[in-house]
Amino acid sequence: MFSKDYNGLCRTRVYENRYGEKTSIGRGNLSFTTINLPKLAIEAAIEDGYLKQVDGVWQFDESKLNQEDVMGRIARFWSKLEGMVELAGKQLDERFQYQKTALAKQFPLLMSGMWNGSENLKPNDNIEPVLNQGTLGIGFIGLAEALISLLGRHHGEDKIAQAVGLKTVQLMNDVKNRVCDKYQHNYAILATPAEGLSGYFTRIDKKEFGEIPGVTDKDYYTNSNHVPVYYKCTPQHKAEIECPYHKLTTGGHIFYVEVDANMTKNPEAIDVINKIARENDGGYISINHNQGRCPYCNYESNELNIDNCPHCGTKMDVLARITGYLVSTTDRWNSGKKAELDDRVNHI
Ligand SMILES: [Zn+2]
């Protein structure tokens, strides 16, 4: 919930402030709501006939990839998205209206000067002036699957898809600015980490629509504006595609590279990844290397999908990064995230 400095512990970023200093200190992200982009795109594609069922199997109609049809389909998608950003803004405001009724004395620690302005509150004052300085996140998941639903290809593999992706998040930002003025809060667009939603939205959409190739045919949606985890590309390409979204997602974002080795033995590679991210305006980056260790014989491995120790057969303890955090023993991940891990490819 809190970010002590610019990026704090995770990708969540607290910056915009119409009620005071633009700082991350003494403020927090109050709540966030995530929009399911693939669902809106699937609806637009079905309505326009690009996505249709033939003998119970979903197919994309290639004859609808001409410019006029594509533009019409994208306009449909954007119109739905615009309404959804407005609705998320309204919902976050309604939650805020409840949150602000709390009294300072209900938060003896936070309101003891930890949050900006709380030092001026008396025990029975409500906390609105302090909460006003917090941010509200409007997030999104599955840009990649949304683009596949609309164009048949995601933004990592197609220039037009990338242009549509950037315009989509720009649109979210424009609507968000209107919502800020309407409700007088610090809203920010967030590249949602989606620890839980990753599998949840996909399950719901699979139930409603069935299996749509490249979209609902796996157990998770791709994190925010990332290229799909199964998509094999260089760190350079990944940075060129993903980092331009960072300036549009001031509520938080992350660019990461999966590597197949122990990076403590290769600091030069860290420099290179850092450099390509900075050259592409990356705001927050991470380098994921997996570390597996046999709890019985101490055998170590950097392999992505290793189950049992090759020496003694004991189940390996694997440390991997799930969204923003390094988590040990992937058994504790939820099913959507586990399926995503199985599909991950290394970029170096
Ligand atoms: Zn072993």
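Colleague: What should I know about numbering and cut-offs?
Modeller: Residues are numbered from 1 along each chain as its sequence is written. In this predicted model, local features need pLDDT of at least 70, side-chain atom pairs count only at pLDDT 80 or more, and totals for chains, interfaces and linings use all residues.

Colleague: What is the mean pLDDT of the chain?
Modeller: pLDDT is the predictor's confidence in each residue, from 0 to 100. In this chain, 90% of residues reach 70 or more. The mean is 88.

Colleague: How many helices and strands does the chain have?
Modeller: Both are DSSP runs, numbered from the N terminus: helices are H or I with at least four residues, strands are E with at least two. The count is ten helices and eleven strands.

Colleague: What is the radius of gyration of the chain?
Modeller: The radius is taken over C-alpha atoms, and the globule rule is 2.2 Å times the number of residues to the power 0.38. For 348 residues the rule gives 20 Å, and the chain is close to that, so it is as compact as a globular protein of that length. The radius of gyration is 22 Å.

Colleague: Which residues touch the most other members of the largest nonpolar core?
Modeller: A nonpolar core is a set of buried Ala, Val, Leu, Ile, Met, Phe, Trp, Tyr and Cys residues joined through C-beta atoms within 7 Å. Buried means 20 or more other C-beta atoms within 10 Å of the residue's own, exposed means 12 or fewer, and partly exposed lies in between, with C-beta atoms placed from the backbone. The largest core has 69 residues. Those that touch the most other members are Ala-41, Val-85, Leu-147 and Leu-150.

Colleague: How far apart are the end C-alpha atoms of α6?
Modeller: The expected span of a helix is 1.5 Å times one less than its number of residues. Helix α6 covers residues 159-183, so its 25 residues should span 36 Å. The model agrees: the end C-alpha atoms are 36 Å apart.

Colleague: What do the buried residues of α6 pack against?
Modeller: The buried residues include Ala-161, Val-164 and Gly-165. Leu-147 is in contact with Ala-161, Val-164 and Gly-165, among others. The packing partners of α6 are α2 (67-99), β4 (135-141), α5 (143-151), β5 (186-191) and α8.

Colleague: Within what arc do the buried residues of α9 fall?
Modeller: The buried residues of α9 are Ile-273, Ile-276 and Ala-277. They line one face of the helix, because the directions from the helix axis to their C-beta atoms fall within a limited arc. The face turned away carries the exposed residues Pro-267, Glu-268, Asp-271, Lys-275 and Glu-279.

Colleague: Is Gln-184 buried or exposed?
Modeller: Gln-184 sits in the loop between α6 and β5. Its phi is near 60°, a positive value in a residue other than glycine. With 11 other C-beta atoms within 10 Å, Gln-184 is exposed.

Colleague: Is Ser-224 buried or exposed?
Modeller: Ser-224 lies in the loop between α7 (197-209) and α8. Its phi is near 35°, also positive in a residue other than glycine. With 28 other C-beta atoms within 10 Å, Ser-224 is buried.

Notes. Two residues are in contact if their C-beta atoms, placed from the backbone, lie within 7 Å. Lists of a residue's contacts leave out its neighbours within four places in sequence.
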